[in-house]
Amino acid sequence: MSFRNSFAAARAFALVLCLALSGFLAASGPASALTAAATVRDANSIQLGDVTYRLDGVDAPELDQVCIDDHADPWTCGIEARDQLTKLIGGRSVRCDDVGPEKNFGKRHRAICTAEGDKVSLNEQLVKLGFAIAREPIKANVKLAAADAKTASAGIWKGCFVAPQEFRTGKKDGALLGAACRSDRDKEIRGVLFPDDLTAPPSCAIKGKLAVRARVTGNIGIYHLRGCPSYAATTKPDRWFCSEDDAQASGFRKAYNCRRPK
């Protein structure tokens, strides 16, 4: 056999081997899929084992976010959204299919997650109930559900709220969303949605403060832990977090006086 023929045969063998290996991996199931008992961190985030996923295509109110309900009363919509996700799971195992890293926090990945026995993803169900809005990038099938929820004034759409992303960044002049928003009460509504004294959700004691100086490190704010010299001095936090991981996922860095000396 000539050298040219031998080389061609070797290439053909390598191609067959690659195809066979790909078929084996596909049959074995994707390495990026994980099924386990779920811990709901918030309405956006599910923890399976030691891995935390954000529901792809979904942006839900933060635990410390306030909305206005259809009776014009303040409403802890972030806690309600988390509880709705917990009810959807109902104690069942959850499968999360990884669709890529979170843009601003690579420790968490985006995923399409489905509770055992369901045919519709949790992503789509939560949006359909109106306790989350669609968020780019989107690989999950949520756009139609988002449109239906808005039309039906379901969940948070029955009241008035700001997009979770605008709440996280403290954008107080963003668009007001929901059926109960009133242009003649704009100032009063924004005062409710961005209160001076934001109430801490249960078991969430980490204080976050938006800070221009945090942008030097690519963040939007600084978080303060109990026991840190800056904790007591931070009297009007812009955010409350339940864990350092949650704070970092929202773009906050730890206060320098909270760090251990080298």
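## Ground rules

Buried here means under 20% relative accessible area, exposed means over 50%, and partly exposed is anything in between, all with a 1.4 Å probe and protein chains only. This is a predicted model, so local features need pLDDT of at least 70 and side-chain atom pairs count only at pLDDT 80 or more, while totals for chains, interfaces and linings use all residues. Residues are numbered from 1 along each chain as its sequence is written, and side-chain values use heavy atoms, with hydrogens and water left out.

## Arg 41 and its two partners

Let's start with charge pairs. A salt bridge is a side-chain nitrogen of Lys or Arg within 4 Å of a carboxyl oxygen of Asp or Glu, and searching the whole structure turns up 23 of them. Side chains of opposite charge can pair when their charged atoms come close.

Arg 41 bridges to Asp 245 with an N to O distance of 3.5 Å. That pair ties together distant parts of the chain, 204 residues apart: Asp 245 sits in helix H7 (residues 244-249), and Arg 41 in the loop between strand S1 (33-40) and strand S2 (45-48). Helices (H or I, at least four residues) and strands (E, at least two) are DSSP runs, numbered from the N terminus. Arg 41 also has a salt bridge with Asp 246, with the closest N and O atoms 3.0 Å apart. Here the partners, again the S1-S2 loop and H7, are 205 residues apart.

How accessible are these side chains? Asp 245 comes in at 19% and counts as buried, Arg 41 is buried at 18%, and Asp 246 is buried at 9%.

## Other charged pairs

Glu 166 and Lys 171 meet in a salt bridge at 3.9 Å, N to O. Glu 166 is buried at 18% relative accessibility, whereas Lys 171 is partly exposed at 39%. There's also a salt-bridge network, whose members include Arg 54, Asp 59, Glu 62 and Arg 239.

## Nonpolar cores

A nonpolar core is a set of buried Ala, Val, Leu, Ile, Met, Phe, Trp, Tyr and Cys residues joined through side-chain atoms within 4.5 Å. The largest one has 36 residues, and Cys 113 is among those that touch the most other members. Helix H2 (77-89) is one of the elements that supply at least two residues, and H2 gives the largest share, five residues.

Beyond its neighbours within four places in sequence, Cys 113 is in contact (heavy atoms within 4.5 Å) with residues including Ile 46, Val 94 and Leu 122. A second, separate core has 12 residues, among them Tyr 223 and Cys 258.
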